[in-house]
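Here is a quick tour of a protein model for someone new to reading structures. Have the sequence and the 3D view open, and let's look around together.

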Amino acid sequence: MSMALSEHDARHIAAYRAGLAEWERPLAADGLIEQAQALTALSDWGGKRWEEDRFRHDFALLCKAIEDTGDLSPTGRRRSFTRLLTILISRLRYLDARKRSAGVDHQRIIAPLIGTGMPRAGTTFLHGLIAQDPEMRVARAFEAAIPVPLLENGRDRRAEIYEELIAWQGMTDPAMRTIHPFGANLPEECLFMQEGACTGFFGGLWNVPEFMAATADKTALAYRWQIGVMQYLQAQGDNRRWALKTPAHIMAWNELYLAFPDALVYVNHRDPARIVPSMASLLAALRGLFSDQHMDLEAIGREQLAIWAQTMNGYAAWRSGPGRDAQVVDVVFADLIADPIATVSRLYDAFGLRLSTAAREAMERHLEVDSHGKGPERKYSLEEFAMSDADIAAAFAPYLKQFDLAPQHRKRALSGTAAEG
């Protein structure tokens, strides 16, 4: 199907760039929705099939929560406006294009290769490496955020526009890129393909506990929305196997397999004494793009400790019991960093996939230029988040035992780079 079948004109390029503006007013859901409709000349938000009423309700909750507890700085307010308006414009354009695209509903997503596990354990690094395989396809960041092409004189402008949007939000600042790589053309996480459903992902950007609690039951809808986006992207003519990833998948194990019953899943692991402060540091940095208020680092650290201890202890219990013989590959961070190609080869062998010569060579070239692990070190410690080795050992005891991750001599001061992503 030709991209020219959808509306990709100056109007929609201008619609996205309308988000690159100063914004001092409250973030009111009704006003933002009306603005997106006026900018795009579209008004179909999905109806019953795509749970429009739920979307409107949750989007209003999100806006209210950002205003009530987000502690927005002036810069954070206009960055929030950019993010929210982009989501609305992309939802309208995607639903409109999907209606006018033949065969989208008949697209099958077959046996995707899906990465999950602990965050900051090399999931981004490994996903980026797999993305070099010419027989695999990923959702680039610009595709996840703007699924429908933006054609101008026959050229798709999405990557250029999205790079401007994330730069405006501070995502591509050097300080952020030392923590996690952001870029329009980089392989993106599944959470960003779910964003148009207004999911719980937003707790990573704003302090919005009420919204997170209210949308905790939205996981199934988030996967339905993601599959719809993937169907639309696949219908453009690229039918290669999908390579997907997000650490959040492991928090929704049942929903993941209901959405992708033939998925080939690998799970990344790393010493949680490094994971928890690294993740807390990333969360503080992301929220710092939108708020200049003092952050309770102890609360952030304890939140991450509780979330990931429950998640990974639960996975350890499953892996040692019902999931003992499951076709899931466990990937230890130290092994991945020591020999990335061998790790990919082991994954492929376990799933009966072919690691071609072309794929191996492309991965080797990628490793020569990839910035993972090559940037300046970040220093962080358990102590700055009011935690200790004993807290980690107690909270993660089943997980540490199952995967033999507790080092004999753990340094109190930890360091990390973007390789953790």
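## A first look

M295 counts as buried, because its relative accessibility is 19% (buried means under 20% relative accessible area, exposed over 50%, and partly exposed in between, using a 1.4 Å probe and protein chains only). This is a predicted model, in which local features need pLDDT of at least 70, side-chain atom pairs count only at pLDDT 80 or more, and totals for chains, interfaces and linings use all residues. Residues are numbered from 1 along each chain as its sequence is written, and side-chain values use heavy atoms, with hydrogens and water left out.

**More on M295**

- You'll find M295 in the loop between α13 (272-288) and α14; helices (H or I, at least four residues) and strands (E, at least two) are DSSP runs, numbered from the N terminus.
- Not counting residues up to four places away in sequence, M295 touches A284, R287, G288 and I300, where contact means heavy atoms within 4.5 Å.
- M295 and R93 are 202 residues apart along the chain, and their C-alpha atoms are separated by 37 Å.

**Two helices side by side**

- Helix α3 (residues 52-69) packs with helix α4 (residues 74-99) at an angle of about 175°, and their axes are 12 Å apart.
- Those axes are lines fitted to C-alpha atoms, for helices over the stretch in contact, and the angles run from 0 to 180 degrees between N-to-C directions.
- So α3 and α4 are roughly antiparallel to each other (angles under 35 degrees count as roughly parallel, over 145 as roughly antiparallel, 65 to 115 as roughly perpendicular and the rest as oblique).
- On the α3 side, the contact is made by E52, F55, F59, L62, C63, I66 and E67, while α4 brings in R77, S80, L84, L88 and R91.
- Sorted by class, this contact of α3 with α4 has seven nonpolar, one polar and four charged residues (Ala, Val, Leu, Ile, Met, Phe, Trp, Tyr, Cys and Pro count as nonpolar, Asp, Glu, Lys and Arg as charged, and the others, Gly among them, as polar).

**Cysteines**

- How many disulfides does the structure hold? The count is zero, with a disulfide taken as a pair of cysteine sulfur atoms within 2.5 Å.
- C190 is in no disulfide, and its nearest cysteine sulfur, that of C198, is 18 Å away.
- C190 counts as buried because its relative accessibility is 0%.
- For C198, the closest cysteine sulfur is in C63, 7.7 Å away, so it is too far for a bond.
- C198 has 2% relative accessibility, so it counts as buried too.

**Aromatic rings**

- A search of the whole structure turns up 19 aromatic pairs (rings of Phe, Tyr and Trp, the last by its six-membered ring, pair if their centres lie within 6.5 Å; planes under 30 degrees apart count as stacked, over 60 as edge-to-face and the rest as tilted).
- F202 and F211 make a tilted pair, 6.1 Å centre to centre with 55° between the planes, and both F202 and F211 are buried.
- Y315 and W318 also form a tilted pair, at 5.9 Å centre to centre and 35° between the planes.
- Because Y315 and W318 are three residues apart in helix α14 (residues 297-320), about one helical turn separates them.
- Y315 is buried, with a relative accessible area of 3%, whereas W318 counts as partly exposed at 24%.
- Ring pairs link W253, Y257, Y315, W318, F396, Y399 and F403 into a cluster.

- V265 sits in strand β6 (residues 264-269) and is buried, with a relative accessible area of 0%.
- Leaving out residues up to four places away in sequence, V265 touches I114, T116, W253, L256, Y257, Q327, V328, V329 and F351.
- V104 lies in the loop between α4 and β1 (113-117) and is buried, with a relative accessible area of 3%.
- V104 and G228 are 124 residues apart in sequence, yet 8.3 Å apart in space, C-alpha to C-alpha.

**Positive phi angles**

- Most residues other than glycine have a negative phi.
- A41 is not a glycine, but its phi is positive, about 60°; A41 lies in the loop between α2 (29-40) and α3 and is exposed, with a relative accessible area of 54%.
- N153, in the loop between β3 (151-152) and β4 (155-156), has a positive phi near 55° and is exposed, with a relative accessible area of 82%.
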